[in-house]
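I opened a new page for a structure I had not looked at before. These entries follow the order in which I looked things up.

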Amino acid sequence: PDTKGKVVIIDFWATWCGPCRASIPHMNDLAAKFKESVVAVGLSDEDAPKVQAFMKKTKMNYTVATDPGGRMANVTKHKGIPFVIVMSPDGIVRWQGHPMSLDEATLGQIVDASGAAASASPTDSMRWVTTGQD
């Protein structure tokens with residue numbers, strides 16, 4: 001999906017994972033509520049046919065991708081699933097944790113601070129506080 005200028009949520013999940021399946025309606029809600037400013041991607045390390053068969057029975061209203069080699073999981077080094085990272089348009093992880101802990105208020109703050117809100121003006125873009133330290 002086109003992620004330019006948008007907040008990106010990557011949801012690490014699997015078809016066999018009960019808590020992952022339970023969080024799908026919540027992710028659907030967040031994706032719908034923030035559809036103009038957020039791109040949500042569900043990422044499974046399972047093969048495409050397994051994920052496609054699952055999606056025939058379970059409605060997922062956001063992009064779903066597969067990474068059978070687990071390359072993204074190797075980068076994030078997370079210890080379990082479900083696990084979500086939220087990145088601002090500049091590619092910095094602004095939040096991470098269990099998807100059910102990601103609420104609308106927190107995501108809204110990230111969207112607003114990043115300037116990704118559909119109503120944001122060009123001068124609102126990237127309103128992060130910087131300390132001068134990298």
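**Entry 1: the chain.** I began with the order of elements along the sequence, and the protein chain reads β-α-β-α-β-α-β-β-α. I counted four helices and five strands. I note here that the model is predicted.

I then looked up the totals. The protein chain has 134 residues, of which 41% count as buried. It exposes about 7700 Å², and carbon and sulfur atoms supply 52% of that area. Among contacts with a separation of 6 or more, 65% come from residues 24 or more positions apart.

Entry 2: In what order do the five strands of the open sheet lie? I read 3-2-1-4-5, and the pairing is mixed. Strand 3 (63-66) and strand 5 (93-97) are the edge strands, each pairing on one side only. On average, neighbouring strands of this sheet are turned by 20° against each other, with direction ignored.

I reminded myself that strands of a sheet pair through backbone hydrogen bonds, either parallel or antiparallel.

Entry 3: Which strands does helix 2 lie across? I found that helix 2 (residues 48-57) lies across strand 1 (7-13), strand 2 and strand 3, and it runs at about 150° to strand 3. Helix 4 (residues 104-114) also packs on the sheet, where it touches strand 1, strand 2, strand 4 (83-87) and strand 5. The direction of helix 4 makes about 140° with that of strand 1.

**Entry 4: helix 4 by residue.** I listed the buried residues of helix 4 as Leu107, Gly108, Ile110, Val111, Ala113 and Ser114. Their cover includes helix 1 (18-33) as well as strand 1, strand 2, strand 4 and strand 5. After helix 4 comes Gly115, and I noted that its phi is positive, near 80°.

**Entry 5: the disulfide.** How many disulfides does a search of the whole structure find? The search gave one. It joins Cys17 to Cys20, with 2.4 Å from S to S. Are Cys17 and Cys20 buried or exposed? Both are buried.

Notes: Residues numbered from 1 in each chain as written. Predicted model: local features only at pLDDT ≥ 70, side-chain atom pairs only at ≥ 80, totals over all residues. Heavy atoms only, no water. Pairing = 2+ DSSP bridges. Helix = DSSP H or I, 4+ residues; strand = E, 2+ residues; numbered from the N terminus. Axes fitted to C-alpha atoms, helices over the stretch in contact; angles between N-to-C directions. Contact = heavy atoms within 4.5 Å. Buried < 20%, exposed > 50% of the residue type's maximum accessible area, 1.4 Å probe, protein only. Disulfide = S-S within 2.5 Å. Areas by Shrake-Rupley, 256 points an atom, 1.4 Å probe, with all protein chains shown as cover.
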